[in-house]
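Me: I am new to reading structures. Can you walk me through a few features, step by step?
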Amino acid sequence: GVDAVASEQPVASARLRALFRLDEAPPTSAPEAHGDTVDGYHWHGFLQEAHLLADGLIGRAAELEKLKGWLKGRRGCADDEARIGWVPGAPGVGKSQLMARIAADLDNGNALATEQVRDTAVYYHRFRAGDARNSTRHFLRLLRAALDTWPRLAAAAPAGEAGADEGEALVRDVRARLEAIATLEPANAQAPPPRLVVLLDGLDELARYDASITGLLHRLAVPGTVW
């Protein structure tokens, strides 16, 4: 706070370190042992962060209404239906908090990994300079990990390519899963078909290293998905 920095008694520091286990090595987890993680990162990590970041959003009611209105009822199934929406704005105007609010509102407790039929599945990825996940490869692998936890999709999607963790093979592997979404049946005759909403934030943070990302999104925006 506003007070001057002061050193603590050794016994107090020792108790603090013991309380928060600061001297213990963090547990290690091999990505191969958990299909929903990539290099130690969980596919749901950005959604969890979104719930925290969204609390800092003040106002923006008009922008939220416009974005949610665009998403409402949009299934991404018709050929003439736009499946990609862009949210432009200069740095610092609040796009990240706006996207986090949308992601948090759409997320419903990691329901991708449940057996229940769900209307909308959500994946959220935030590109940030300095973050190990700020790469096209990590985005694709984490998206694939998310899709693999959707039981109904896993049953409908074709078997993936062996060792498809790089380049064009990885793109094909992810796209094959996305294409299977359009084959999923609705929960009942009155229900809409399932859809996947992919929310991406900070594309400019990635585009400076990989300008192909925008073209890739157009390749991945297949029927049954909204971006």
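Me: Which backbone oxygen lies 2.8 Å from a polar atom of the side chain of Arg83?

Reply: Keep in mind that this is a predicted model. The oxygen belongs to Ala221. Arg83 itself sits in the loop between α3 (61-71) and α4 (95-106).

Me: Is Arg83 buried or exposed?

Reply: Buried means under 20% relative accessible area. Arg83 has 16%, so it counts as buried.

Me: Which residues does Arg83 touch, leaving out those up to four places away in sequence?

Reply: Trp70, Gly76, Cys77 and Ala78 are among them.

Me: Now the strands. How do side chains sit along a strand?

Reply: In a regular strand, side chains alternate between the two faces of the sheet. Take β4: Arg195, Val197, Leu199 and Asp201 point one way. Leu196, Val198 and Leu200 point the other way.

Me: Why is β4 described as largely enclosed by the rest of the structure?

Reply: Seven of the seven residues in β4 (residues 195-201) are buried, so the strand is largely enclosed.

Me: Which strands pair with β4, and over how many bridges?

Reply: Strand β3 (residues 120-126) runs parallel to β4, joined by seven bridges. There, Arg126 stands opposite Asp201. Strand β5 (residues 225-226) also pairs with β4 in the parallel sense, over two bridges.

Me: What is the bridge partner of Val197 in β5?

Reply: Val226 is that partner.

Definitions and conventions
Residues numbered from 1 in each chain as written. Predicted model: local features only at pLDDT ≥ 70, side-chain atom pairs only at ≥ 80, totals over all residues. Heavy atoms only, no water. Buried < 20%, exposed > 50% of the residue type's maximum accessible area, 1.4 Å probe, protein only. Helix = DSSP H or I, 4+ residues; strand = E, 2+ residues; numbered from the N terminus. Pairing = 2+ DSSP bridges. Polar contact = N/O pair within 3.5 Å; in protein donor to acceptor, adjacent residues only side chain to side chain. Contact = heavy atoms within 4.5 Å.
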